[in-house]
Amino acid sequence: MTTAQELVRAQCARFAALDPQLPDDYPVPRGEPLVARTPGGDVVAGIVTRTSNPPGTAQSLWQAACVFELFPLLGEHPREGMAALLAAWRDWLRDQRVPERDSACSVVWPSRDVQAARALLDGGLTPLSCLAVRPPTPPDRFTELRGTVTVRRAGPADLDAVVELALLELRYAALVGSSTYRPDAPRLKRAAAQVRLHSSDPVWLAERGGVPVAVAECGWVDADRPSAGHRLRPGTWAYVNCVSVREQDRGSGVGQRLMTAAHEEFVRAGVVGSFLHYNPPNPLSSVFWPRQGYRPLWTTWEVRPATALR
Ligand SMILES: CC(C)(COP(=O)(O)OP(=O)(O)OC[C@H]1O[C@@H](n2cnc3c(N)ncnc32)[C@H](O)[C@@H]1OP(=O)(O)O)[C@@H](O)C(=O)NCCC(=O)NCCS
């Protein structure tokens with residue numbers, strides 16, 4: 001009889017062979033257990049959680065209102081195991097009250113596990129978001145920008161400019177990923193920016209002739225305590241939360257200039273690396289971030305509504 005611990009152990013050994021940047025462990029949350037068998041008779045398992053993101057919560061801006069998340073335990077059977085588990089999940093969902101609108105099924109899985117990717121695609125899930133990482137190396141030499149673009153740290157007095165630029169990013173992201181521009185987005189973004197600008201989190205503004213044209217909102221994350229959904233190796237990480245350049249200033253080197261300032265600071269702070277989330281269908285960020293030294297570690301696969309899982 002295969003136990004859950006055996007599946008976790010085999011899975012973690014596979015992850016380590018696939019990608020040395022993955023954490024050593026795979027903690028799972030409490031939730032609904034699922035068990036399935038591959039066509040060859042091997043047992044796989046998973047835990048399903050249900051999260052609701054009601055109106056007025058920050059999470060409602062980047063997730064559906066009702067999210068079912070599967071934490072697979074596949075041992076050494078990424079493709080057949082994932083396929084069998086998705087089929088069991090679909091059957092389980094039939095007996096649940098699943099909202100037809102604003103709901104999602106999601107699986108966060110190592111980006112390099114292409115065997116599992118095949119089964120996820122066949123299940124109707126799409127790779128909507130990536131957690132990407134960058135080593136703490138100094139940025140490449142930067143070609144000075146023409147004109148009068150300057151970069152400085154933002155403070156509480158810059159709240160209006162930071163919120164305006166963050167909302168531009170959300171509008172763009174809502175076209176190419178899992179984010180949704182909800183009616184209360186301006187209020188939620190303002191509250192989040194206010195907290196950040198009063199904290200030790202670094203935020204940079206780029207200005208052209210004194211007018212704010214871009215923002216990079218960053219922070220620090222301590223990944224020392226493993227918890228469910230834990231995705232990073234231990235240590236202090238820099239987190240790039242939001243980078244947004246005004247539409248008319250994109251493609252002129254402003255984003256690169258901002259990230260040079262950010263990466264220099266990350267190196268000085270001695271972090272183990274920096275990370276961020278981007279949407280693979282975003283035609284700007286999917287090019288920009290790899291050029292900045294980031295590469296996918298975990299991919300969030302989603303299908304909306306949750307009833308569309310197949
Ligand atoms: C993604 C985004 C932040 C990138 O910022 P950007 O200012 O447009 O990017 P840059 O202009 O610095 O870089 C884009 C290209 O222009 C080039 N470039 C053009 N003129 C340049 C100049 N004068 N100096 C240096 N680079 C220049 C850069 O080299 C880069 O090309 P490369 O990747 O081949 O090197 C920005 O496009 C944006 O805000 N997009 C919408 C919101 C979004 O997607 N945000 C990210 C969410 S994760």
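Predicted model: local features only at pLDDT ≥ 70, side-chain atom pairs only at ≥ 80, totals over all residues.

Modeller: Happy to! Seven helices and 11 strands form the secondary structure of the chain. Its radius of gyration is 21 Å, close to the 19 Å that the globule rule gives for 310 residues, so the chain is as compact as a globular protein of that length. Along the principal axes, the C-alpha atoms fill a box of roughly 65 × 40 × 30 Å.

Now to the ligand. It is surrounded by 20 residues, and the closest are Val 245, Gly 251, Gly 253, Gly 255 and Gln 256. Sorted by class, this shell has eight nonpolar, nine polar and three charged residues. At least two shell residues come from each of α4 (159-176), β9 (236-245), α6 and α7 (285-291). Of the shell, α7 gives the largest share, with four residues.

A nitrogen atom of the ligand lies 2.9 Å from a backbone N or O atom of Val 243. On the oxygen side, a polar backbone atom of Gly 255 is 2.7 Å from an oxygen atom of the ligand. Asn 282 uses its side chain instead: one of its polar side-chain atoms lies 2.8 Å from a ligand oxygen atom. Taken on its own, the ligand has 930 Å² of accessible area, and the protein covers 78% of that.

Gly 255 also leads us into helix α6, where it is one of the buried residues. This helix runs over residues 254-269, 16 residues in total. From first C-alpha to last, α6 reaches 23 Å, close to the 22 Å expected at 1.5 Å a residue. Other buried residues of α6 include Val 254, Arg 257, Leu 258, Met 259, His 263, Glu 265 and Phe 266. Just past the end of α6, Gly 270 takes a positive phi of about 75°.

Two backbone details elsewhere may interest you as well. Most residues other than glycine have a negative phi, and most peptide bonds are trans. Asp 102, however, has a positive phi near 55°. This residue sits in the loop between α2 (78-94) and β4 (103-110), and it is partly exposed, with a relative accessible area of 33%. The other detail is a cis peptide bond between Arg 304 and Pro 305, with omega about -10°. Pro 305 belongs to the segment after β11 (295-303).

Notes:
Residues numbered from 1 in each chain as written. Heavy atoms only, no water. Expected span 1.5 Å × (residues − 1). Buried < 20%, exposed > 50% of the residue type's maximum accessible area, 1.4 Å probe, protein only. Near = heavy atom within 4 Å. Polar contact = N/O pair within 3.5 Å; in protein donor to acceptor, adjacent residues only side chain to side chain. Areas by Shrake-Rupley, 256 points an atom, 1.4 Å probe, with all protein chains shown as cover. Nonpolar A, V, L, I, M, F, W, Y, C, P; charged D, E, K, R; others polar. Rg over C-alpha atoms; globule rule 2.2 N^0.38 Å.
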